[in-house]
Amino acid sequence: MAEIEKKRLSKKAQIIVISCCAVGGILIGGGAGFLIGHFGKPPTVELGDIDIDDIDDKPVEGEKSILERYQECKSEGKDPMQVFQLHEIANIASSKLSIQENYVAWGYGQVLTAVNLDILNCSAKNGDKYIEESLSKSQPGAIMNVVVCQRDYQTGTTSDSPVKSYVGDIKDSIYSPTYENAKEKDYTVSEYESVFGKPVSMPSSYVVSSKTVLTDTVTQTDPQTGAVKSGLSKITKTDYGYELYLDLHTTYSVARYYKRMINLSGSNVSLFNYIHLTYKLDNDLNFISTHVEESYVAGMGNIKASVDGKLDTYFFPFEKFEIPDINQNINYPKKGESHA
């Protein structure tokens with residue numbers, strides 16, 4: 001149960017807070033938002049002075065990409081763990097996923113707040129076609145029924161490639177969404193990204209870079225207390241490969257994600273308390289699974305509540321996934337399995 005600030009949340013305020021719980025940010029795009037304003041004029045997102053180009057680590061003209069540098073490192077017989085920093089290891093894994101001809105990722109999560117929500121996410125690529133589905137529903141016995149049902153399709157990766165978005169409904173189980181009377185919205189990739197922070201084809205909603213991964217040398221100053229926080233980010237060798245733990249900057253890392261949350265939900269996120277990502281990678285730095293834990297304050301006006309979210313995602317980067325049309329339900333497997 002969330003800690004309620006100032007006074008008990010009204011039913012309307014609870015809906016607003018619940019609608020903000022987009023914990024699917026890591027690598028499958030999120031989307032547990034209530035989608036207020038999804039088909040109207042999206043709310044304005046105020047990101048202050050944060051410019052994604054200033055905090056991302058894009059190669060400058062003539063510089064090799066992170067994946068090219070990784071492949072060069074391997075061909076020279078060097079140990080990537082001795083060559084690359086933590087944020088670079090994370091981006092190598094993300095880049096390797098992006099270039100696969102096929103992949104599918106299954107996400108299973110919970111949001112704990114005034115009403116508890118169950119979450120399912122699917123993200124997949126087949127050739128030049130991409131799909132994301134975000135499903136969320138309040139648990140049985142909740143004081144209200146909160147439903148999120150969104151599916152987005154993208155074809156191609158240029159700025160003017162088409163994206164078609166659908167908002168449907170969930171009558172009973174979170175495993176049985178319906179798009180029978182779905183609301184439709186068409187975008188280009190650039191339009192979709194401007195509204196929701198990232199294109200469907202981009203693996204992560206978080207900005208993971210030299211400026212957002214907190215370590216002994218990359219710190220964050222608390223804007224309220226002035227205290228300097230050193231991150232606990234680290235990488236550990238395991239039997240299956242590597243475990244990468246990332247403690248993220250609570251302002252910079254959410255430059256995309258925050259925008260996505262606001263414009264999906266129509267509510268306000270005023271403060272992130274923490275964002276912790278754990279990647280399980282194989283020896284070739286392919287994703288096996290990810291775990292995200294995050295905490296933030298959301299609400300409307302002076303009515304706010306703490307929100308805690310967790311999401312586990314399982315990746316199958318070489319598995320062919322047939323992109324279903326809007327009239328076909330996605331058959332979600334049991335947690336941790338590749339097929340239903």
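Predicted model: local features only at pLDDT ≥ 70, side-chain atom pairs only at ≥ 80, totals over all residues.
Reader: How do you know whether Ser-306 is buried or exposed?

Author: Ser-306 has a relative accessibility of 16%. The cut-off for buried is under 20%, so Ser-306 counts as buried. Its place is in strand S14, residues 303-316. From Ser-306 to Phe-272 the C-alpha distance is 9.4 Å, and the two residues are 34 apart in sequence.

Reader: Why are Leu-244 and Val-104 called buried?

Author: Leu-244 has a relative accessible area of 0%, and the value for Val-104 is also 0%. Each is under 20%, so the term buried applies to both. Leu-244 is found in strand S11, residues 241-247, and its C-alpha atom is separated by 8.0 Å from that of Leu-277, 33 residues apart along the chain. Val-104 belongs to strand S2, residues 102-112; between Val-104 and Ala-124, which are 20 residues apart in sequence, the C-alpha distance is 4.2 Å.

Reader: What makes the phi of Leu-285 worth a remark?

Author: Most residues other than glycine have a negative phi. Leu-285 is not a glycine, yet its phi is positive, near 65°. This residue lies in the loop between strand S12 (268-282) and strand S13 (287-300). With 1% relative accessibility, Leu-285 counts as buried.

Reader: How do you know that the length of helix H6 agrees with its number of residues?

Author: H6 runs over residues 86-98, which is 13 residues, and at 1.5 Å a residue it should span 18 Å. The expected span uses one less than the number of residues. The C-alpha atoms at its ends are 19 Å apart, and this agrees with the expectation.

Reader: Why is H6 described as largely enclosed by the rest of the structure?

Author: The description follows from a count: 10 of the 13 residues of H6 are buried, so the helix is largely enclosed. Among them are Leu-86, Ile-89, Ala-93 and Leu-97, together with the charged residues Glu-88 and Lys-96.

Reader: What is the part of H6 in the lining of the largest pocket?

Author: The largest pocket has a volume of about 860 Å³. Its lining comprises 29 residues, and Asp-56, Asp-57, Ile-66, Asn-91 and Ser-95 are the closest to its centre. Helix H4 (66-75) and H6 are the elements that give two or more residues to this lining, and H6 gives the most, with seven. By class, the lining has 13 nonpolar, eight polar and eight charged residues.

Reader: Why is the pair of Tyr-206 and Tyr-257 called edge-to-face?

Author: A search of the whole structure finds 14 aromatic pairs. For Tyr-206 and Tyr-257, the ring centres are 4.7 Å apart and the planes stand at 65°. Centres within 6.5 Å make a pair, and planes over 60 degrees apart count as edge-to-face; the pair is therefore edge-to-face. Tyr-206 lies in the loop between helix H7 (189-196) and strand S8 (219-221), and Tyr-257 in helix H8 (residues 255-265), so the pair ties together parts 51 residues apart in sequence.

Reader: How do you know which class the pair of Tyr-279 and Phe-287 belongs to?

Author: Their ring centres are 5.0 Å apart and their planes are at 70°, so this pair is edge-to-face as well. Tyr-279 and Phe-287 are both buried. Elsewhere, ring pairs link Trp-106, Tyr-175, Phe-321 and Tyr-332 into a cluster.

Reader: Which lysines lie over the face of a tyrosine ring?

Author: Lys-185 lies over the face of Tyr-187, at 5.9 Å from the ring centre. Lys-237 lies over the face of Tyr-242, at 4.9 Å from the ring centre. Both distances meet the requirement of being within 6 Å.

Technical notes: Residues numbered from 1 in each chain as written. Heavy atoms only, no water. Helix = DSSP H or I, 4+ residues; strand = E, 2+ residues; numbered from the N terminus. Buried < 20%, exposed > 50% of the residue type's maximum accessible area, 1.4 Å probe, protein only. 1 Å grid on protein atoms, 1.4 Å probe; cavity = no way out; pocket = protein on both sides within 12 Å on 5 of 7 lines; lining within 4 Å. Points joined across faces, edges and corners; volume = space filled by probe spheres on them. Phe/Tyr/Trp six-rings, centres within 6.5 Å; stacked < 30°, edge-to-face > 60°. Lys NZ or Arg CZ within 6 Å of the ring centre and 35° of its normal.
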